[in-house]
Amino acid sequence: MTRKLNRVKVKLVTCMEKTTYTGRRAKGFDVSKLSFNLCDRLLTDLERAKRPVLKATKCALDNSFYNPDVGFLEAGDKKVATELNVSSVKKMSRTVFMLELILRNINVGAINTKRELYYISKGEIKHNKALKPLDFDDQTESDTIIDFIGELLECYREDLNCYANDRGGQTYSQQLVVEETMPSGEKAIIDLSKLGTSPFQPKNRPQNLKLKAKHKIDFCLIVESEGTANTLVNSGFTKRNNCILMGAQGVPSNAVRGWCRLIQTQLKVPLYFFGDLDAYTLQNIFRTLKAGSAASLIRNSDFCAPEVRFLGVLPDDIKKYDLPDYPVREKDVQEGRALKKARDALQNDPFFKDKKNKGLSNILKWLIQNKRRCEQQAYFSVAPDDPWMPEKIVLDKIKRKEFV
Amino acid sequence: MTTDNTITKSSSAEYFSKNLQQVGFSSFTKATLTTVKEAIDNSLDACEDHGVLPDIRVEVDRLGLGTAKGADLIRVRVQDNGPGLTLEDAVKVFGQYLASSKFGRGRCSRGQQGIGISAVTTWSQLTHGTGATVITRTKGMKNAVQCEICVDIKKNVGILKTKQIVDWDQLSGVSCEFIMDARVQLNGDGGIITYLQGTALVNPHLNLRYKLLDAEEVFIERVSDTVPLIPERTSPHPHTMKLGEFLAHSHLFGKTNTKKWLKEGFSRISDTVIKELIEKGMPESVFNKTLSSVSEDQLKQIYAGLQDVKLMAPPTKSVMAIGEADLAKCIQRLGEIDFFAVETRKPTICDYKPIQVEVAIARRREKSEDDRDSPVQILRFANRVPLQFDKSACAMTKAVETVNWRPYGLTQPKKSLPQGPYIIAISLVSPFIKFKNASKETVDASDELVEEIRHALQKCGHKLSAHLNREIKEADMERKIQHLEQFAPILVDGLCRITRSNEKRKERAMAGLEKILGKDSREAEKEFIHAQEKSEDATKLMAENMGVSHEELLEQMHGNGENDNERDMPEQLELIVNTGSGK
């Protein structure tokens, strides 16, 4: 590895703009320094023939606590301790190896996906036979090590210059202006009203963005289906309303979660989520958007929008708008599992257990009891000859405060 | 009514000739196997009855195409060195159904009813037109006689078709030959080789030669020079009899005193039991009468009374086990085995019938990748006869499936057979094995029997686990040593690069790391030594039970010592121990 490190002489660039973080992260966060300290501690322990212990925050539901004051899942005190012994020496060696690759990336200003890091590690091992025992059989193994490093240093994967692809969050608005600080320090201004029919794609680093409204923005609508978001835009939703319209594309990616957080913090507009009425949407999509997830406890403070409200489809809407719904077949493996998870969530998920989210847990109970589901596209069945009907329903619901 | 509705009577030969599928002739491949099996069963029973160490030779040839579509013309010849049959007996044995010397005598024998070999003659007759060609010689006969015997299907009697004196180099014995429409399957569950190897496994005193089709002749030498002791007969236990059987039993004793009949004709009926029957209202006078003067109603009353009385379980003297020592020797005959465990249970009573269970588990030395995911091979035996069909419904299979093998170190999918390169042989011996069908392929799975087999399997599994655990610990130790060699320099190098540490610090850290991991390796070594001791204890106990020395048993298990139990500590381990404690 030193072979490559010595060869590349690039000016050190700190990619993360730490000061722009919106959440509760401490300023002056430095991965290189933290890594140095960690490795120094390990080395000192080894010199004393003392078993070094790596302690990482436990990112699991049993270490998740919902704080109603801040509105997202926070990590408890539980740590996963890895003590050095013959069984863990492989994991520790892999961790130090991957950390070295990451530090090199940070030093040279390179940014990679997890898959790219997997291939970089394969390449290092290919060229250095002494590293062969570290070889990863598949990407899952290297991903686990990258996540472990994040948990050890209590940092975001973006802090490690490891980015996920920018998925979801395509945004349309006639009022929104985004100011992006480039890695070089230059600033780019993006006026969304001037993008024609193209959307604005938020990045995995929404903390580098600053938002402004040309005119007052009334609300932000996050639509579960990207297709439905496009349909609404095509029928003129953003032209007729002072709003931000976004397609979530299923389970919200880090980019979407951070982007929504940014809108909430910087623009202080109400956010509404428009999605399916089923257990999966409520638990996996909406809960992650609103309060983060157990797997990402470390980053929830910056990557969720606690103010977002569930606009529908609500159980009452089925009757009110005579929406076509259909039964949940418990025998179907996927649907059965979703129902089981929903029952489990009511008992164990601190988000649904908190009285602040009683309205949402009531929907979950309704879904379990009635075993029915209804998709957001069902609104299009209300008046097929009126292309504005779904928009009218959405606006009517906002006006009547029919959301949870 | 027309004459078509007249009720006619048919002979048992007629019945079986029309229902040969019930006695092992349901397909052409099964026909060859059944023929070999019936002939060998008879030979082994005859040899054991007369205290002769059996020498059996089996030949199977393909003579050409059979008469039926899809069948070959197969010749099966089985020859033994037993006491031989007189001509008169040979005609009965090969040509008459239900002519048996073993029927209802309450002893462990392979054959019971005298159906099997007559059915083979019938099959030859029906498919090829010839009966059994038999050469027989008893010690009393000057010369051997060769004859052809057929079944008179209408009358159920044997017909002696031809007879001639022949020269035979054996002083006594029987050779029987059948030519029939059949097919030959050598391997697999229903294969002849599987049957022959199974027979060799549970008959340590057998010398077996076989030549199948064009293959070379195979000789499996006996591993025991002792003819199994023929166990005592057991009188029937009243609780295992039906009323009809009870009445029929009384007819055999005619003028015997009823009390004497009950005490001697049955097991576990004593004076106390008779006293109890009297107390329950049976007139005492009935017991003093002769059986012929007791009315059927009174016999029915006695029967009913006996069903209500609590009786001791029948004795277990009648069962004939193989024994751990011989089973251990036999298992070597299955091929390359690198480990085995045997367990012979004490005779016990299941469903009011004496029974003894023996189990052997062996691991094949040759292991392929497929073996790991394939179910173990199960060999089932009832009274030393391999059972090869319908295994899923059998008590023995059920017992194997319901044992949890995981704690013993075997992988096992839920409610299934365990997996791996293992052979599990289960042998049941009892004078009253309850089969599910006439062709005796499946043992009825009563709860009590399944539980008894499970106990034997668990004990055997326990012995197996001592050995497997040693292997696991050994592998664990080697893995740990390997880890130390592989990862220690990588870890320390990486840490030093990140912290930009100098060589001295690196050396100190390396020494510290070796100390830490060396300690782990020594722990692993301790665990390995402990597992090795346990494994040795298990093999010592097994050797003691088998009556051989520990060294002999290890030699049996590991052959030339390639996988010796007491092999030296791996070189790397010594390195670790020295590194760990020395610095």
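Student: Which residue of strand 12 of chain A stands opposite A:Phe274?
Tutor: The model is predicted, with local features needing pLDDT of at least 70 and side-chain atom pairs counting only at pLDDT 80 or more, while totals for chains, interfaces and linings use all residues. Residues are numbered from 1 along each chain as its sequence is written, and chains are lettered from A and ligands numbered from 1 in the order in which they are written. Strand 11 (residues 271-274) and strand 12 (residues 309-312) of chain A pair in the parallel sense over three bridges, where pairing requires at least two bridges found by DSSP and strands (E, at least two residues) and helices (H or I, at least four) are DSSP runs numbered from the N terminus. In strand 12 of chain A, the residue opposite A:Phe274 is A:Gly312.

Student: Which handedness has the β-α-β crossover from strand 11 to strand 12 of chain A?
Tutor: A crossover is right-handed if, with the strands pointing away from the viewer, the path from the first strand over the helix to the second runs clockwise. The chain passes from strand 11 through helix 9 (residues 279-291) to strand 12 of chain A, and this crossover is right-handed.

Student: Which strands stand at the edges of the open sheet of chain A?
Tutor: Five strands of chain A form this sheet in the order 5-10-9-11-12, with mixed pairing. Two of them have a single partner strand each, so one side of each is left without a neighbour in the sheet: strand 5 (170-173) and strand 12 of chain A.

Student: At what angle do the axes of helix 3 and helix 5 of chain A cross?
Tutor: Axes are lines fitted to C-alpha atoms, for helices over the stretch in contact, and angles run from 0 to 180 degrees between N-to-C directions. Helix 3 and helix 5 of chain A are roughly perpendicular, the class for 65 to 115 degrees, beside roughly parallel under 35, roughly antiparallel over 145 and oblique for the rest. The axes of helix 3 (residues 89-108) and helix 5 (residues 139-153) of chain A come within 10 Å and cross at roughly 75°.

Student: Which helix of chain A gives the most to the side that touches chain B?
Tutor: Counting two residues as in contact if their C-beta atoms, placed from the backbone, lie within 7 Å, 28 residues of chain A are in contact with 25 residues of chain B. The elements giving two or more residues to that side are helix 2 (31-47) and helix 3 of chain A. With nine residues, the element that gives the most is helix 3 of chain A.
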